[in-house]
Amino acid sequence: MMKAVHFGAGNIGRGFIGNVLSKAGFEVCFVDVNPEMIDTINKTNSYKVELLDADHTIEVISPVSALNSITQEEEVIANIGAADLITLSVGVPNLSKVANILFKALLSRAELRKGPIDIIANENAINASTTLRKEIERLASAEEMATILSFAGFPNAAVDRLALSRRTNEGELVQVEPFFEWIINRSEMLNHSLPLLDKVIYVDDLTPYIERKLFIVNMGHAAAAYLGYLYNEPTIQRALAHPDIEATVQGAMYEVARYFEAAYGKSAEELQSFIETTCKRFRNEQVSDDIFRVGRSPIRKLGQDERLVKPATELYKRGLPYSQLAKVIAAGYLFSNTKDEEAVELQDYISEQGLISALAAFSHITEPEVQEVIRQHVSALTAVSK
């Protein structure tokens with residue numbers, strides 16, 4: 001049986017990546033720092049996943065095992081030495097934390113003279129595997145890094161699947177939507193001897209797919225949250241049941257579709273199908289997606305290269321419509337949550353410096369025409385929310 005070592009036994013790790021690898025015939029060894037999670041997995045060498053479909057189907061994922069990267073470093077290194085694939089879903093801020101043990105393990109594997117292996121960081125970020133490779137480079141000498149890169153590939157990936165969890169008598173149960181998308185850059189792979197993973201997409205240029213996820217899926221999710229907040233709706237599902245919110249979210253998505261047609265030559269039919277699938281996912285009645293969870297960290301999400309602002313500015317540069325995106329950006333600047341540090345910081349800044357200054361400071365939007373469109377939407381939405 002093929003063996004995969006996966007760093008991160010959280011919702012994405014178990015509900016998505018480990019799930020797909022197990023179904024593809026891999027024995028999966030999770031590496032984590034949560035003793036309770038590790039013990040639960042090792043007790044039965046399995047775990048359960050609940051699909052958020054109409055039947056709430058329960059799947060049992062096995063055989064699996066788990067190791068603690070802090071207290072079982074030698075065992076982790078040994079497992080990596082015997083692995084056919086290494087994957088991660090630890091969160092971008094934690095890539096630097098796992099780089100040290102990976103560095104040691106890869107040097108140990110080099111001594112074993114095993115075949116090539118790919119290391120795939122599956123994070124909600126652009127080129128996360130490249131980020132991980134750079135973290136390892138910080139620890140390695142030039143000679144050591146050359147040795148590692150002679151047999152280890154770091155293919156980048158784009159991932160998309162809603163993964164939640166709920167407490168049960170048996171512990172934490174992962175819940176996932178039926179839909180998932182895992183796209184891997186095959187041009188960056190070194191090990192081509194492994195069979196291709198079922199339902200995983202392999203491409204030579206990941207950029208359009210990463211941007212499609214960020215600018216359509218993540219943008220639409222945030223848009224529903226910020227508009228839902230203004231209409232006092234508690235969840236994404238309730239928000240999208242509101243005709244005005246649904247129309248704005250879909251309108252923004254179709255504006256973004258024009259960008260993909262212009263930048264990448266994507267067909268209108270393909271983009272329409274993707275948007276319809278995305279909206280269906282958002283409306284899934286088996287999911288209760290909290291507005292404040294989805295809308296959290298508004299400063300980051302209103303950043304210059306982020307999901308709301310980047311597509312709007314790209315459309316503006318091309319002379320294409322961006323009014324619905326501007327409305328969503330306006331809603332983001334009205335988002336308030338006293339339990340969210342970024343939301344508090346944003347509202348304090350607007351109160352002291354004004355909206356136009358905030359647009360320049362947080363989103364780097366300095367074009368007077370774009371600022372004015374957003375300002376008008378802020379005025380209109382403020383009236384709606386009162």
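What percentage of the 386 residues in the protein is buried? Buried residues make up 54% of them. The model is predicted. The protein contains 17 helices and 13 strands. Its radius of gyration is 22 Å, close to the 21 Å that the globule rule gives for 386 residues, so the protein is as compact as a globular protein of that length.

**Overall form and contacts**
- Taken along the principal axes, the box filled by the C-alpha atoms is roughly 65 × 50 × 45 Å.
- Of the contacts with a separation of 6 or more, 69% are between residues 24 or more positions apart.

**Surface and charge**
- The protein exposes about 17,200 Å², and carbon and sulfur atoms supply 48% of this area.
- There are 38 positive and 52 negative side chains, and the centres of the two sets lie 1 Å apart.

**Aromatic pairs**
- A search of the whole structure finds 13 aromatic pairs.
- Phe-292 and Phe-335 form a tilted pair, with 5.9 Å centre to centre and 45° between the planes.
- This pair links distant parts of the chain, 43 residues apart: Phe-292 is in helix α11 (residues 291-295), and Phe-335 is in the loop between α14 (323-334) and α15 (341-353).
- Phe-292 counts as partly exposed because its relative accessibility is 35%, whereas Phe-335, at 0%, counts as buried.
- Tyr-316 and Tyr-322 form an edge-to-face pair, with 5.8 Å centre to centre and 85° between the planes.
- Tyr-316 has a relative accessible area of 25%, so Tyr-316 is partly exposed, while Tyr-322, with 10%, is buried.
- Phe-215, Tyr-259, Phe-260 and Tyr-264 are linked into a cluster by ring pairs.

Notes:
Residues are numbered from 1 along each chain as its sequence is written. This is a predicted model: local features need pLDDT of at least 70, side-chain atom pairs count only at pLDDT 80 or more; totals for chains, interfaces and linings use all residues. Side-chain values use heavy atoms; hydrogens and water are left out. Helices (H or I, at least four residues) and strands (E, at least two) are DSSP runs, numbered from the N terminus. The radius of gyration is taken over C-alpha atoms; the globule rule is 2.2 Å times the number of residues to the power 0.38. Buried means under 20% relative accessible area, exposed over 50%, partly exposed in between (1.4 Å probe, protein chains only). Contact means heavy atoms within 4.5 Å. Accessible areas come from the Shrake-Rupley method with a 1.4 Å probe; for residues, only the protein chains shown count as cover. Lys and Arg count as positive and Asp and Glu as negative; His and the chain ends are not counted. The place of a charge is taken as NZ of Lys, CZ of Arg, CG of Asp or CD of Glu. Rings of Phe, Tyr and Trp (its six-membered ring) pair if their centres lie within 6.5 Å; planes under 30 degrees apart count as stacked, over 60 as edge-to-face and the rest as tilted.
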